[in-house]
Amino acid sequence: MQASAISAKFTLENCTAQQFDQYLDGLAGLLHACVKAGASISFIQPFDIAAAKAFWQSKVRPGLVAGTRSVLIARVDDIVAGSVQLDSDTPPNQPHRAEVAKLLVHPDFRRQGMAKKLMMALEELARVKNRSLITLDTRTGDNAEPLYTALGYKTVGTIPGFAKDPFTDTFDATTIMYKQL
């Protein structure tokens with residue numbers, strides 16, 4: 001990324017199934033950059049761009065097409081700089097609940113309020129979808145944990161040894177959180 005792009009303004013949009021292919025390469029690049037920077041978001045090293053693209057195609061696209069997953073995208077000009085997903089594919093006894101998945105901000109665009117704006121847009125989308133309870137998990141001690149707390153998410157607890165660190169053979173704890181809208 002160019003230094004001038006680092007402080008650029010961003011726009012948010014709800015990616016439709018019809019728009020997905022035009023954002024696929026940008027989303028794959030975003031995921032790849034975040035994992036390379038150490039994000040604990042289901043993937044470990046080595047992790048290449050083809051694996052990132054395959055994730056979006058096989059794990060995200062089906063839900064987007066089915067209407068059970070929403071993908072919010074933050075763009076700086078034509079660059080996909082951030083994203084978050086709202087997973088509303090819940091069982092029949094949980095029609096009021098949704099889950100936050102993969103809050104991503106490219107390392108070059110962090111500390112500019114993008115994650116907060118993505119989460120606020122996600123919460124508004126959840127309200128539109130009549131979802132009043134949002135759940136999520138995050139690596140314990142990660143930079144996202146204080147953000148979620150500041151946005152009103154409550155900690156339920158932690159699970160030790162939940163996920164493998166992206167670079168080492170150690171296992172990190174995860175913090176389970178929720179927010180009632």
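**A tour of cysteines and salt bridges**

Select cysteine 15 to start: at 2% relative accessibility, this residue counts as buried (under 20% relative accessible area, with exposed over 50% and partly exposed in between; 1.4 Å probe, protein chains only). The model is predicted, so local features need pLDDT of at least 70 and side-chain atom pairs pLDDT 80 or more, while totals for chains, interfaces and linings use all residues. Residues are numbered from 1 along each chain as its sequence is written, and side-chain values use heavy atoms, without hydrogens and water.

Next, select cysteine 34, which is buried, with a relative accessible area of 2%. Its sulfur lies 17 Å from the closest cysteine sulfur, in cysteine 15, too far for a bond. The structure holds zero disulfides (pairs of cysteine sulfur atoms within 2.5 Å).

Now turn to the salt bridges, of which the whole structure has ten (a side-chain nitrogen of Lys or Arg within 4 Å of a carboxyl oxygen of Asp or Glu).

- Select lysine 53 and aspartate 25: their closest N and O atoms are 3.1 Å apart. Lysine 53 is in helix H3 and aspartate 25 in helix H2, 28 residues apart (helices are DSSP runs of H or I, at least four residues; strands are runs of E, at least two; both are numbered from the N terminus).
- Select glutamate 123 and lysine 179, which meet in a salt bridge at 2.9 Å, N to O. This pair links helix H4 to strand S7, and both residues are buried.
- Finish with Arg139, Asp142, Asp165 and Asp172, linked in a network of salt bridges.
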